[in-house]
Amino acid sequence: MNISSSSMVEKAADATARAMPTSVVRRLRGLSDRAIAWVFIAPTIILLLAINIFPLIWAIYLSFTNYRANRPNAPVLNVGLGNYERVLNDPDIWQAMQTTAHFVFWTILLQTVIGFALAYLIDRKFRGHAFWTTLILIPMMLSPAVVGNFWRFLYEPQIGLFAYAVSLVTGIPTADIQMLGSVSLAPWAIIIVDTWMWTPYVMLICLAGLRSIPDYIYEAAEVDRASAWRQFWSITVPMALPFIMLAVLFRGIENFKMFDMVTLLTGGGPGSTTEVASITLKRAAFESWATGRASAFAIVLFVAVFGLANIYVKALNKVKQR
Amino acid sequence: MSSVTSAHSVVEPSPTSKRIAGAIVILYALITMIPLVWIFLTSIKSPPDSISYPPKIVFAPTLEGYCNLLTTRTRQTPEYIASLPAPTGTCDEVTRKRNMVIAGPSNFLPRFANSLVIAFGSTFLAVLLGTLAAYGFSRFRVPLADDLLFFILSTRMMPPIAVAIPIYLMYRELGLSDTALGMILLYTAVNVSLAVWLLKGFIDEIPREYEEAAMIDGYTRLQAFWKVVLPQATTGIAATAIFCLIFAWNEYAFVALLTSGEAQTAPPFIPTIIGEGGQDWPAVAAGTTIFLIPILVFTILLRKQLLRGITFGAVRK
């Protein structure tokens with residue numbers, strides 16, 4: 001820092017000091033670094049304890065009771081592990097978990113393949129790549145609920161653009177393209193919208209991975225006359241793998257919680273073909289008002305996400321160290 | 001134009017491969033934009049045009065969708081409408097063409113205002129708390145710092161519905177249910193984890209020597225923070241603020257479960273816009289367009305910081 005700028009800063013500091021009542025200045029001057037650290041960090045921790053941890057502990061407590069939120073005055077009984085037993089033996093809940101796993105699997109597979117391919121192509125740095133990349137990024141910044149609602153319109157078999165386009169290409173009559181009404185197509189309707197929205201996310205992380213590979217590695221491979229194919233599988237993919245895995249982790253956690261888009265597109269239907277865990281949970285908690293059982297399910301879900309994420313992070317760290 | 005077989009052919013791809021890559025990416029970008037363009041086109045269609053088959057690409061644009069979004073209307077006989085005084089304003093005129101009269105404003109503007117208040121309020125708080133905490137974690141030896149940071153991150157792994165039940169009960173006790181304040185506090189708590197992680201990354205990059213120099217010049221720690229660190233962190237703070245804003249702006253699950261009207265934001269409202277005989281798609285599209293515009297602007301402003309924001313700063317570009 002040069003002299004002129006430091007004296008300028010000093011002047012500004014004097015002005016601040018003068019603007020404050022002396023007692024406040026003295027008190028602040030007196031704060032030790034340790035006190036400042038706590039004053040700075042405490043509000044965040046207190047807020048998180050109040051709005052995240054306290055509710056979580058409350059949910060754990062409720063999961064052992066038969067409490068019902070729509071009957072706040074009814075006596076609350078401790079039911080031990082009863083709720084957990086019911087949750088783990090409930091075929092509907094297992095069905096919802098399977099549906100969720102199905103969504104997570106396909107969305108991650110599609111998003112990773114398409115996202116990586118796009119990143120690989122964008123990394124060629126063709127003319128105007130920055131502009132087109134920005135355009136591609138737009139869907140992931142939008143509200144899943146608002147956009148999901150509009151996709152419902154696009155999917156309408158009689159009037160929607162999607163059915164029209166598919167019918168134009170394949171010749172299938174639009175009446176047969178019931179994306180949201182047919183048991184076999186509804187899950188794919190959601191997978192398509194999710195992929196449309198979140199492929200850019202994976203693409204962006206993959207792009208960062210590809211840009212992190214130093215050029216000299218490719219130069220060395222070229223000297224060794226390694227084929228382009230060989231370079232791709234021996235350099236590009238392994239070097240970008242930690243980034244790809246990070247993208248998969250973040251998408252996996254998010255899609256496990258998937259709620260808004262499904263609610264707006266299908267609401268879980270037709271039947272319960274698209275009923276993911278979050279929707280089952282919402283029904284138990286805010287429609288059946290089985291607060292205790294819903295809390296037990298919530299805890300099971302949280303433990304599942306947390307556990308899977310932790311195992312995955314260990315694998316990720318191994319890949320990073322290689 | 002032909003590329004030479006040198007080390008550069010790898011680092012700098014050949015013009016042909018660039019052109020092919022460009023063509024595929026542009027094709028993808030154009031396809032990906034279709035739904036968004038369609039939203040905008042639908043917003044300026046008349047209701048019959050919006051549901052005609054095959055979908056109309058050429059049509060007479062109208063502001064009907066926007067008028068229907070902003071007002072509630074009642075159907076009247078042509079005779080009654082003829083007996084009314086001359087239409088006041090564009091919306092009145094547009095609405096009368098369909099034998100309707102404006103009965104009053106719709107709920108869109110209050111919901112949109114809620115979106116603004118809640119998104120900006122929670123963003124301000126999250127960035128304020130996040131900046132302080134990030135500075136604390138970045139510059140001081142905090143006991144159990146790693147555990148605390150991981151705890152802060154892990155609060156984002158919970159499915160919103162899982163905490164929604166107890167928050168619903170807690171808010172009912174505290175009188176916070178269906179209030180803007182309740183939603184602001186909730187979104188602040190959700191966003192502060194991102195804010196701390198992102199801002200810690202930004203502040204870590206500001207050399208400590210700046211503050212040390214200022215403190216040697218007679219500054220207190222707080223003055224150094226205020227006068228030296230904060231100005232240096234402005235870009236990071238701005239980027240963090242926009243990420244928090246986008247989350248709060250787009251959130252649906254909490255608002256759908258915890259509010260029932262007063263404090264509801266636009267995302268649960270837009271799908272409920274019903275016209276005669278079903279969803280009024282031009283009005284829905286109009287609401288969607290208005291709602292998406294700020295995010296489009298932010299995306300373009302933010303593209304350089306995007307990667308950090310979506311990965312909690314775990315990946316730097």
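**Chain A against chain B**

One salt bridge is counted between chain A and chain B. By that I mean a side-chain nitrogen of Lys or Arg within 4 Å of a carboxyl oxygen of Asp or Glu. The partners are Asp33(A) and Arg221(B), at 3.0 Å, N to O.

Ground rules next. This is a predicted model: local features need pLDDT of at least 70, side-chain atom pairs count only at pLDDT 80 or more, and totals for chains, interfaces and linings use all residues. Residues are numbered from 1 along each chain as its sequence is written, chains are lettered from A and ligands numbered from 1 in written order, and side-chain values use heavy atoms, without hydrogens and water.

Now the interface. Contact, meaning heavy atoms within 4.5 Å, takes in 108 residues from chain A and 109 residues from chain B. The two chains bury about 9700 Å² between them, 80% of it on carbon and sulfur atoms. Buried area is the accessible area (1.4 Å probe) that two parts lose on being put together, summed over both. On the chain A side, Phe40(A), Met141(A) and Phe150(A) lose the most area to chain B, together 8% of what that side buries.

Last, a helix pair; helices are DSSP runs (H or I, at least four residues), numbered from the N terminus. In chain A, helix H4 (residues 82–89) and helix H5 (residues 91–122) pack at about 60°, axes 5 Å apart. Axes are lines fitted to C-alpha atoms over the stretch in contact, and angles run from 0 to 180 degrees between N-to-C directions. Val87(A), Leu88(A) and Asn89(A) in H4(A) meet Pro91(A), Ile93(A) and Trp94(A) in H5(A).

Terms used
Helices (H or I, at least four residues) and strands (E, at least two) are DSSP runs, numbered from the N terminus.
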